Amino acid sequence: MELLNIKNLDLAGKKVFIRCDFNVPMDEFGNISDDRRIRSALSTINHCLDHGCAVILASHLGRPDGQVVAKYSLLPVARRIHHLLKREVVLAKDVVGEDAMQKASALKGGEVLILENLRYEEGETKNSKELSQKLAAMADFYINDAFGVSHRAHSSVEGITHFFDNNHKAAGFLLQKEIEFFSKLIEKPVRPFAAIVGGSKVSGKLEALINLLPRVDKILIGGGMAFTFLKQLGYDIGSSLVEDELLGDAQHIMNEARRLGVKLYLPVDVVAADKFAEDAAIKIIAAQEIPNGWMGLDIGPATVRLYKEVLSDVQTVLWNGPMGVYEMDKFARGSNEIARYVADSYATTIVGGGDTADLVQRIGVDDEMTFISTGGGATLELLEGKILPGVASLVVQED
Ligand code: AMP
């Protein structure tokens, strides 16, 4: 799949609208705790500035649901961009209101304007045509560099692309890199290829799991989603997270794995807690025997050993979703141990999903991974073989 390339655009001195994904995590004081997504957008921004463009940046942050909510303002993001670019960055007071429109129209080559949170506008997530049109009217060119939201048909991601012809829109460097990487991974992975899938729920990853099966040699399941499988096997899972309505799907996945010869691994033991809290009492217990009132919140030490052994001969590892409630130190050990092991391996290691990227960064092994994707949901939809809505009209059509 070839995408319209930013390098082929005649951008010099023009006004460019860049849809970025600045949806960065913040700590309780409102400080940006991981600015990877901002840093990842710098190549595209600098490319435009190097060509004398007036640059309009737009992103969402959190879910303000169409309301102006101060804590979701892009002010901290604007400050961080200013710091990273070492040049003035003006933040508009609104998205398509008087202030943004006036500032966008007055913007000159070499200047950077950032619009307020796109999701302050109710129309953004509804793919409102009116909003797309207003955003499009601000600039001569449209660049999508927001891989993390490209699986969403939103005004600034999908709708807006229809207001530019193929000579006036393209994928930014980050989007290009992510799509290229995952396309290659799907087409020709070096084998054995293992997927580690965790996180809270089967429901969010059901289709991805089914679509991954024919592509991988091994699947290792962890996190809350493991318990739906374990329950289906007839195990006592106590009060662990479970999706009863998906027991049949879990069985289907296990059957398909067997049919395709894919090795599917489930936790053999867990760190069980008597409540969902940092100060819970805990015990290590076999996955078959979780007592009533106890919940599995991390994979146990035997599972860690097993998973390391299973991963020891693989050449490609794709990891999406933590092995436990890694946000609490007590239940982070399984994820951390797997992260260190994967980071130390000589395999091609791909981490997708905000949580997984966050956890490898927390323990400082992010640099050891081959590729950390800025997208979570987008990564999974790509792996499902879908063409993302935000990418569809940036694909070069073959004659
Ligand atoms: P997801 O967004 O589906 O990737 O899920 C990530 C979340 O899953 C993290 O916030 C983890 O705390 C949570 N999680 C992982 N393991 C468990 C578990 N055993 N029980 C409950 N939540 C979990």
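In strand S12, Lys283 is the bridge partner of Ala272.

First, the ground rules. This is a predicted model, where local features need pLDDT of at least 70 and side-chain atom pairs count only at pLDDT 80 or more, while totals for chains, interfaces and linings use all residues. Residues are numbered from 1 along each chain as its sequence is written, and side-chain values use heavy atoms, with hydrogens and water left out.

Strands here are DSSP runs of E with at least two residues, and helices are runs of H or I with at least four, numbered from the N terminus. Two strands pair if DSSP finds at least two bridges between them.

Back to S12. Strand S11 (residues 269-273) is joined to S12 by 5 bridges, and the two run antiparallel. They belong to an open sheet of 3 strands in the order S12-S11-S14, with antiparallel pairing. S12 (282-286) and S14 (295-299) are the edge strands with a single partner strand each, so one side of each has no neighbour in the sheet. On average, neighbouring strands of this sheet are turned by 40 degrees against each other, direction ignored. Helix H10 (residues 301-311) lies across S11, S12 and S14 and runs at about 40 degrees to S14. For such angles, axes are lines fitted to C-alpha atoms, for helices over the stretch in contact (heavy atoms within 4.5 Å), and angles run from 0 to 180 degrees between N-to-C directions.

Now the other sheet. It is open as well, with 6 strands in the order S10-S8-S7-S15-S16-S17 and parallel pairing. S10 (263-265) and S17 (371-372) stand at its edges with a single partner strand each, so one side of each is left without a neighbour in the sheet. Helix H11 (residues 333-344) packs on this sheet, touching S7, S15 and S16 (348-352), and its direction makes about 150 degrees with that of S15. S7 (residues 193-197) and S15 (residues 316-320) pair over 5 parallel bridges, and Ala195 has Leu318 in S15 as its bridge partner.

Last, the ligand. What surrounds it? There are 14 residues, counted if a heavy atom lies within 4 Å; the closest are Ser200, Lys205, Gly296, Glu327 and Asp355. A ligand oxygen atom is 2.4 Å from an N or O atom in the side chain of Glu327. For Lys205, the distance from a ligand oxygen atom to a side-chain N or O atom is 3.0 Å.

Definitions and conventions. Polar contact = N/O pair within 3.5 Å; in protein donor to acceptor, adjacent residues only side chain to side chain.
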